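The sequence and structure are shown first.

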Amino acid sequence: MVAPGGKHAVIVGKPVGEGTFVRRVGENQAYSVEPAIGIETEPRFWIDSRLLDVPVALIQSVDVKPAAGAAYSLHRLNPADNTYSLDGVPAGRKALDAHALAPGPTTFSGLTAEDVAPAGGIDFGQASQVVVTLTDGNVITLTGTAIADKHWLEVKATKDAALTAKTQGRAVEIASYRYDALFKPLEQLLVPRSRPPSRRRAAAGPAHATHKPTPNTAP
């Protein structure tokens, strides 16, 4: 709020009557002001929600360590045709086609935060992790956990000062479908197991009774 002598930082409190309680920062005296001041109190209304925007063309490798299930790695084979190889294929299984292994165009692009919280307030003890290495040497580490119906990330980058400044000490909530795309299980990158041929039981046809004509015994 602006006063004749300059600017003052004001803490906005609870509503009262037709107004709102406020007080200047550094002072203990509270005032009731009218008309009421409407301010969104949830952090998600104040943050810059843009989080990651990494094109697939810049991805060199992706290392995934799910909280449950086998770890695996994807490595770019050819930048020209966007093909990848898969490390960690179980014995007796086969990886998908090299093109199908490529991360989706929106997996690491256009990722936005829906909410934010102090990282220390989120339990990342049983977390999944994705490490994305880019062609310029930047390494982005995403540590994720699902708590109830919320999906949280910790984000770190070795060569992105802006991203580090935005996410340091914070956990960000993302949409559940974006979370699932980031921490894709290994099974989704393998050719489905072949099903054994179904055994069809031969249907027995109905028995056909043989009708024998009755001898004519009439006199």
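In which sense do β8 and strand β9 pair, and over how many bridges? β8 and β9 (residues 83-87) pair in the antiparallel sense, over five bridges. This is a predicted model in which local features need pLDDT of at least 70 and side-chain atom pairs count only at pLDDT 80 or more, while totals for chains, interfaces and linings use all residues. Residues are numbered from 1 along each chain as its sequence is written, and side-chain values use heavy atoms, with hydrogens and water left out.

**Strand pairing**

Strands (E, at least two residues) and helices (H or I, at least four) are DSSP runs numbered from the N terminus; two strands pair if DSSP finds at least two bridges between them. The hairpin of β7 and β8 has six residues between the strands, and G69 in its turn has a positive phi of about 110°.

An open sheet is formed by three strands in the order β3-β4-β5, with antiparallel pairing. β3 (10-16) and β5 (31-33) are at the edges with a single partner strand each, so one side of each is left without a neighbour in the sheet. From one strand to the next, the twist averages 35° (axes are lines fitted to C-alpha atoms, for helices over the stretch in contact, and angles run from 0 to 180 degrees between N-to-C directions). Five bridges join β3 to the antiparallel strand β4 (residues 19-24), and V10 is placed opposite R24 in β4.

**Cavity and pocket**

On a 1 Å grid over the protein atoms alone, a cavity is a set of points where a 1.4 Å probe fits but cannot get out, whereas a pocket is an open set with protein on both sides within 12 Å along at least five of seven lines; lining residues have an atom within 4 Å of a point. The structure holds one cavity of 30 Å³ or more. The table sets out the two spaces.

| Space | Volume | Lining residues | Nearest the centre |
|---|---|---|---|
| Largest cavity | About 140 Å³ | 15 residues | Y72, L74, P103, A181, K184 |
| Largest pocket | About 330 Å³ | 19 residues | L51, L52, D53, V54, D160 |

For the largest pocket, the elements that give two or more residues to the lining are β6 (50-52), β10 (111-112) and α1 (161-167). Its lining divides into 10 nonpolar, four polar and five charged residues. In the lining of the largest cavity, 12 residues are nonpolar, two polar and one charged. β7 (59-65), β8 (72-78) and α2 (176-182) each supply at least two residues of that cavity lining.

**Aromatic pair**

The structure holds one aromatic pair. The ring centres of Y179 and F183 are 4.7 Å apart and the planes stand at 50°, so the pair is tilted (rings of Phe, Tyr and Trp, its six-membered ring, pair with centres within 6.5 Å; planes under 30 degrees apart count as stacked, over 60 as edge-to-face and the rest as tilted). Y179 is buried, with a relative accessible area of 9%, and F183 is buried at 10% (buried means under 20% relative accessible area, exposed over 50%, partly exposed in between, with a 1.4 Å probe and protein chains only).

Methods:
Points joined across faces, edges and corners; volume = space filled by probe spheres on them. Nonpolar A, V, L, I, M, F, W, Y, C, P; charged D, E, K, R; others polar.
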